[in-house]
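Subject: Handing over the model

Hi,

Here is the structure I promised to pass on. Have a look at it first, and then read on for what turned up.

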Amino acid sequence: MKLYTPQVQLFRETVLDGPDEYYLHAVTFCGQTNLREGGYSLHSEDGNEKNALKIELFIREDPELPRMNSLTPVAHTISLGALPFEGEGRIEAQVVLQTAGDTRDVDGKVTPKGANTTSTTAADEVDRPIDEY
């Protein structure tokens with residue numbers, strides 16, 4: 001297991017008379033107990049990489065939590081909605097670690113970490129509950 005490398009899973013929900021909806025679930029194992037989910041940012045890839053979407057998964061330090069060197073999972077679950085491309089595509093999730101600043105760096109540090117890629121063809125179908133009457 002590599003620390004700070006997201007384990008990603010893509011889900012697709014089929015929508016009748018409309019584009020499919022997608023969800024990304026990512027679990028990143030970190031080496032400190034004071035790290036938490038800190039949001040995300042979506043970027044469509046341009047140029048030669050058509051049908052690609054890049055997602056930055058932010059992980060931040062939480063000053064309210066004790067910092068211990070212990071394996072800690074951080075989860076992101078993101079509703080992507082309809083993707084900005086049609087057909088087969090690639091989705092890359094990259095972890096970005098945001099740590100608190102020290103006396104020289106008041107704003108803190110932003111460090112890119114591991115990345116993982118999945119494809120729309122690998123998306124699991126979202127199970128729909130069966131209505132019982």
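Let me start with a side-chain detail: lysine 113 lies over the face of tyrosine 4, at 5.1 Å from the ring centre. For a charge to sit over a ring, NZ of Lys or CZ of Arg has to be within 6 Å of the ring centre and within 35 degrees of the ring normal.

Before going further, two notes on how to read all this. This is a predicted model, in which local features need pLDDT of at least 70 and side-chain atom pairs count only at pLDDT 80 or more, while totals for chains, interfaces and linings use all residues. Residues are numbered from 1 along each chain as its sequence is written, and side-chain values use heavy atoms, with hydrogens and water left out.

How confident is the predictor? The mean pLDDT of the protein is 86, and 86% of its residues reach 70 or more; pLDDT is the predictor's confidence in each residue, from 0 to 100. Over residues 102-106 the pLDDT is below 50, and this stretch has 1 contact in the model beyond near neighbours in sequence. Contact here means heavy atoms within 4.5 Å.

Back to tyrosine 4, which lies in the segment before β1 (7-13). Tyrosine 4 is buried, with a relative accessible area of 13%. The cut-offs are under 20% relative accessible area for buried, over 50% for exposed, and partly exposed in between (1.4 Å probe, protein chains only). The phi of tyrosine 4 is near 65°, a positive value in a residue other than glycine. Aspartate 17 also has a positive phi, near 60°. Most residues other than glycine have a negative phi. Is aspartate 17 buried or exposed? It is exposed, with a relative accessible area of 86%, and is found in the loop between β1 and β2 (21-30).

Now the overall layout. The protein has 0 helices and 8 strands. Both are DSSP runs numbered from the N terminus: helices are H or I, at least four residues, and strands are E, at least two. Of the 133 residues, 33% count as buried. Among contacts between residues at least 6 apart in sequence, 68% join residues at least 24 apart.

Which strands make up the open sheet, and in what order? There are 4 strands, ordered β5-β2-β1-β8, with mixed pairing. β5 (72-81) and β8 (124-125) stand at the edges with a single partner strand each, so one side of each is left without a neighbour in the sheet. Two strands pair if DSSP finds at least two bridges between them. β1 and β2 run antiparallel and are joined by 7 bridges. Across that pairing, glutamine 7 stands opposite valine 27 in β2, and glutamate 13 stands opposite glutamate 21 in β2. β1 and β8 run parallel, joined by 2 bridges, and the partner of arginine 12 in β8 is glutamate 125.

On to the inside. The largest nonpolar core has 14 residues, of which Leu10, Leu24, Leu53, Ile55, Leu80, Leu83 and Ile91 touch the most other members. The elements giving two or more residues to this core are β2, β4 (52-61), β5 and β6 (90-99). Apart from it lies another core, of 7 residues, among them Tyr4, Leu35, Val74 and Leu97. A nonpolar core is a set of buried Ala, Val, Leu, Ile, Met, Phe, Trp, Tyr and Cys residues joined through side-chain atoms within 4.5 Å.

Isoleucine 91 is in strand β6 and is buried, with a relative accessible area of 1%. Leaving out residues up to four places away in sequence, isoleucine 91 touches Leu10, Leu53, Ile55, Leu80, Leu83, Asn116, Thr117 and Thr118. Isoleucine 91 and valine 8 are 83 residues apart in sequence and 9.6 Å apart in space, C-alpha to C-alpha.

Alanine 115 sits 21 residues along the chain from glutamine 94, with 4.1 Å separating their C-alpha atoms.

Cheers
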